[in-house]
Amino acid sequence: MFTFFELPKASTIAASIDHLYDFVYWVSFVSFVGIVVACLYFIFRYHRSRSDPNKTPYIEGHHLSEIIISIILFIVVMIIFAWGWIDYKKIITTPLKPLEINITGKQWLWETEYQNGRRLTNELVVPLGQPVKLVMTSSDVLHSFFIPNFRLKQDVIPNQYTFLSFTAIKRGDHPVFCAEYCGTAHSKMLATVKVMEPVDYQKWQQEWEFKQRGGTPLEEVGASLFASKGCIACHTATDQKLVGPGMQGIYDHDVELVDGSKIKVDENYLRESLMEPQAKIVKGFAPVMPTFKGTLTDQEVGDLISYIKSLEK
Amino acid sequence: MAHAEHAHANYLEAKKGIWSWLVTLDHKRIGVMYLWTTLFFFVVGGLFSLGVRLELLKPGPLFQPDTYNKMFTMHGAIMVFLFIIPIIPAALGNFFLPIMIGAKDVAFPRLNLLSYYIFLVGSSLAVGALIAGGVDTGWTFYTPYSIRSASHVILITLGVFINGFSGILTGLNFMVTLHKLKAPGMTFFNMPLFLWSIYATAIIQVLATPVVGITTFLLILERVLKIGIFDPALGGDPILFQHFFWFYSHPAVYIMILPGMGIISEVVTVFSRKHIFGYKAVAYSSLAIAFISFLVWGHHMFVSGQSPLSNFLFSWLTMFVAVPTAIKVYNWTATLYRGSIVLATPMLYALSFLFMFTIGGVTGLFLAALSVDVHLHDTYFVVAHFHYTMMGGTVMGLLAGIHYWWPKMFGRMYPELWGKISCAFIFVGFNVTFLSQFILGKLGMPRRYHDYFPEYAGWNMVSSIGSLFIGIGFLIMFIYLFWSLKRGAKAPANPWDGKTLEWQISSPPIEHNFTKVPAIPASPYEYGVKG
């Protein structure tokens, strides 16, 4: 029943997060023991029974020791800060060519959606050793996708995308908790990350694709929406400009806006450009695009984004 | 002669009848009313926490999930807004601030009474929300859940909104009093450190509380009028709410802890018969903490989706809090050096504070480190951390203060043996309850969970058993404190041989505190042999 167990270090980042944890732990432990030992010694040594209350010395303080302590402490906390930031940079940096999987939190389950159109509930299957990027959102309130064995967590927000990248290094099942309070069944909003050997993962996907036959990958759904919703009137699937910019190769690249600022074309920018097209106009284009708010469902927006991402140069 | 005696009757007996209390302008009586009101809310909030620990004693449901969610919400909201924010400034601060500077009352006695009634109105709304069926959003009221929740969010947030005015007015009153009503000879640098901490607290109350007022007001507007400020379904931004909320609520944790720190400075000096070590370091560190507290709110949002740049800055700025906080702990510990230490109940609580607040402080380092917080955020590690600061810190300071000043406030001594027994129960119970929660958090157990995996069962049971010890400790305390009001030994004017002004007048004080302008010592901590 008593588990002192160490959580498995199941992602590439887990070990280095644990190292910083241990560093802070020992720094804390030493300072804490120092203070407690000093207190206990003083209480014993200078107890009223051993120390005349009328003969205590009049000590107003000691500047040098205050300054030395402040400086040492400042250096230590700056080390902790820098170490934490360096690892955090690794956490938020998306690896090259990741396997992208969409996650949607809703009261009180997690939906997983692969690029090939396969959907799972409360289950996320990923290959061992391959970088994965979760593109996450919520369809109601805030949730947080928390994988303790990976030491990773990210809140999910309605009408916005947040991201979580990882590379799993331990096979098997790893629990997922919802860590942002979301109402009645918050503690039952659980899922599992299943980590498979890459060959097993390929087989697992191919078997399903074979059974599905008619199953349509998200980017293909997006491609047909691109035509049927009228996008093609102003945008091409190449880098050719019409009324609006061509879609090829824009994802994950910087564009210059009319006000001279630069912005990276990511999921949130693409979503905003569909919902509020006038918000950030690319330089050289007129603000003429109509909004698709209410016209496209959240899922269709996701499909279109998948399509645009697939149009690499 | 009879007339003269009447003129010098103590404040409890100077006027009779319930009405004389309800319309009193005496800061001491208002302080006592705050004390009982906030302690009442402490008991209510405490009972909810026992309900929470009962549910978590074993895996598997005991209460309905919604009932559990309401219990932890009401526990948090009541403890934060109706107990721990107001109690030390409004109860002990009200009683002792004017006396400690040699004044007859606060600068605006009528405003002081008004603050109390505003507090009562706001608190009644919160109690109304409770009676109407409770609130299930968590004390943080995060949107959009708090917009959609069918529970009584409007009532309780309106209560928080109204209570804010009470805090602002009290803070203002104290600031003016400290600037304008110091007796001749009393300056900022020979006033007791408790007052420095109340001063720093008052600054935060006046500057930060309006923001929580605006935030709760916007939340109410959003619920009623569906404007689209915070609700993404209406085009609002739920993260904006978190910025607003923590812009107040982070400084608010220093509203909670600074007064507790002030009490520790008083108690440690008196019971070791030493001048405080580093008066200016302790005083300025209070102001430094108050200042930095405004710049670190984003550390509550490292995984919320805020930008990496914000995370960088907030993590960096948060690290600065460690320095003034550690300086305080160092100075208190150094004050013990070569003292003549008496382990009376107030001192035991002050030492408990040093022990537990240090744990609360160092565990903050884990959470301020960005990468480690990604794992620990919203787990029981956070719950344990803030209980170590709020209960291990503020409540220990409060209990030190209540025992220290009890003889002055009510003219009776509390029973020393029972005081020590109750302190032992609370100390052991608290550490058993919350050390196990650090382990649960590191093992990944999220907070606000109604049920949990069997792996977490052992430490949860330990934690629940610990909470029972805390409950027993407080039960003993309330029994002997009530008992002592009528039957405790009569308190002398200065039972602890304190040097601050409140100990130079009778216990309990007369209605206007002083019969003549008091002589102000060069330092509030004139102990020991100079040279």
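Glu526(B) and Lys530(B) are joined by a salt bridge whose closest N and O atoms lie 3.5 Å apart, a salt bridge being a side-chain nitrogen of Lys or Arg within 4 Å of a carboxyl oxygen of Asp or Glu. Of the two partners, Glu526(B) is partly exposed at a relative accessible area of 25%, whereas Lys530(B) is exposed at 52%; buried stands for under 20% relative accessible area, exposed for over 50%, and partly exposed for values in between, with a 1.4 Å probe and protein chains only. Salt bridges with shared partners also connect Glu6(A), Lys9(A), Asp18(A), Arg151(A) and Lys442(B) into one network.

The model is predicted, so that local features need pLDDT of at least 70 and side-chain atom pairs count only at pLDDT 80 or more, while totals for chains, interfaces and linings use all residues. Residues are numbered from 1 along each chain as its sequence is written, chains are lettered from A and ligands numbered from 1 in the order in which they are written, and side-chain values use heavy atoms, with hydrogens and water left out.

Over all chains, the search finds 27 salt bridges, including the following.

| Pair | N to O distance |
|---|---|
| Glu526(B) and Lys530(B) | 3.5 Å |
| Lys194(A) and Asp173(A) | 3.6 Å |
| Asp378(B) and Arg447(B) | 3.7 Å |

Chain A contains six helices and 12 strands, and 48% of its 313 residues count as buried. The C-alpha trace of chain A spans about 95 × 50 × 35 Å along its principal axes.

In chain B, helix α12 (residues 308-336) has 29 residues and should span 42 Å at 1.5 Å a residue, which agrees with the 44 Å between its end C-alpha atoms; the expected span is 1.5 Å times one less than the number of residues. Just after α12(B), Arg338(B) takes a positive phi of about 60°.

Terms used:
Helices (H or I, at least four residues) and strands (E, at least two) are DSSP runs, numbered from the N terminus.
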